[in-house]
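These are my notebook entries on a structure that I looked up. I set down each item in turn, with the cut-offs of the terms used.

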Amino acid sequence: MSDQIARGSAWTARADVLLAAAGERGVLCDIYDEEAADIYHDLMQGGTSQAREFTTRIPAGSGPILELAAGSGRLTFPLLALGRKVTALELSPAMLAILRRRLDDAPARLRDLCTLVQGDMSAFTLDRRFDVVVLDQSITLLDGADRPGLYACVREHLEPGGRLLLTMADSDAAKAKSVERFQEVSGMSGRPYVLHERLSAADEVRELTICPADETADPFVVCTTRIRLLQVDLIARELEQAGFEVIARTPLAFAGARHNDVFLLEAARPS
Ligand SMILES: C[S@@+](CC[C@H](N)C(=O)[O-])C[C@H]1O[C@@H](n2cnc3c(N)ncnc32)[C@H](O)[C@@H]1O
């Protein structure tokens, strides 16, 4: 049994070190769990240029949009601003609660367009179909056993001719170098955090461990997530095998800079 399975899915070697130092103040959780969802939201707001990559590709005159793994709504609000009905599906009740809170504070014209659903993007059934399904940066949270479920669910919920738009980092585990690095990062609130990243080529995973920069924080919340190293080619192939037509794969430009490793894939469900 691996250390990770034996100690729970949120365990990382870095978390062990941090929790040993924090003693009784230490709390370990997945970054999308209740104790940490506010930290995720604090760190991950913004991203308007990425949102534009989605909104400019939504065909004029198309109908309702399904957003998978919506998180705290970073992309949901720009989608709602298009004036389309958006169904935002998210697995974590804590992330969904943040999105619900944000919608409560939003103008009624946006709130009324949005439906929230708690569900698993690799196994869901909704009683309606959509013209567009979007999935931002989260396919890398699914393993090879769960991705076929995602493709089947998306196919089932797209109108014939409808589009799937997804973004993902293009990572070739075979060429990746195992590295470890620390970075001090600030949330939108101004709170500083320390982010530890371990890229393991052998495990084909990027493991993130985030903690407060203030070592005396009580509780001292240590949160983690694992991102699979996946190649865009693999996902494009899987989509074709699942009956989609991959119509574009575009490297994305953020804030004027070209990030060749993040791609937007567009796939159509044949009519
Ligand atoms: C990297 S965040 C992205 C959130 C949002 N799309 C954004 O861009 O801010 C990943 C989100 O996927 C959610 N998630 C993870 N596994 C999921 C699953 N199987 N089904 C639905 N949501 C999932 C997490 O709870 C988290 O909110």
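**Entry 1: the ligand.** A polar backbone atom of A69 lies 2.9 Å from a nitrogen atom of the ligand. For L91, a polar backbone atom is 3.3 Å from a nitrogen atom of the ligand. An oxygen atom of the ligand is 3.4 Å from a polar side-chain atom of D136. The ligand taken alone exposes 590 Å², and the protein buries 92% of that; I note that such areas come from the Shrake-Rupley method with a 1.4 Å probe, and that for residues only the protein chains shown count as cover.

**Entry 2: the source.** I recorded that this is a predicted model, in which local features need pLDDT of at least 70 and side-chain atom pairs count only at pLDDT 80 or more, while totals for chains, interfaces and linings use all residues. Residues are numbered from 1 along each chain as its sequence is written, and side-chain values use heavy atoms, with hydrogens and water left out.

**Entry 3: the cysteines.** How many disulfides does the structure hold? I found zero disulfides, a disulfide being a pair of cysteine sulfur atoms within 2.5 Å. C114 is in none, and the nearest cysteine sulfur, that of C153, is 19 Å away. C223 is in none either, and its nearest cysteine sulfur, that of C29, is 5.4 Å away. I then looked up burial (buried means under 20% relative accessible area, exposed over 50%, partly exposed in between, with a 1.4 Å probe and protein chains only). C114 counts as buried because its relative accessible area is 13%. C223 is buried, at 0% relative accessibility.

**Entry 4: helix α2.** I noted that helices (H or I, at least four residues) and strands (E, at least two) are DSSP runs, numbered from the N terminus. In α2, residues 13-22, the buried residues are A15, L18 and A22. They line one face of the helix, because they fall within an arc of 65° seen down its axis; the arc is that of the directions from the helix axis to the C-beta atoms. V17, A20 and A21 are exposed on the other side of α2.

**Entry 5: D146.** I located D146 in the loop between β5 (130-136) and α8 (147-157). D146 is partly exposed, at 34% relative accessibility. From C-alpha to C-alpha, D146 and S122 are 5.9 Å apart in space, although 24 residues apart in sequence.

Conventions:
Polar contact = N/O pair within 3.5 Å; in protein donor to acceptor, adjacent residues only side chain to side chain.
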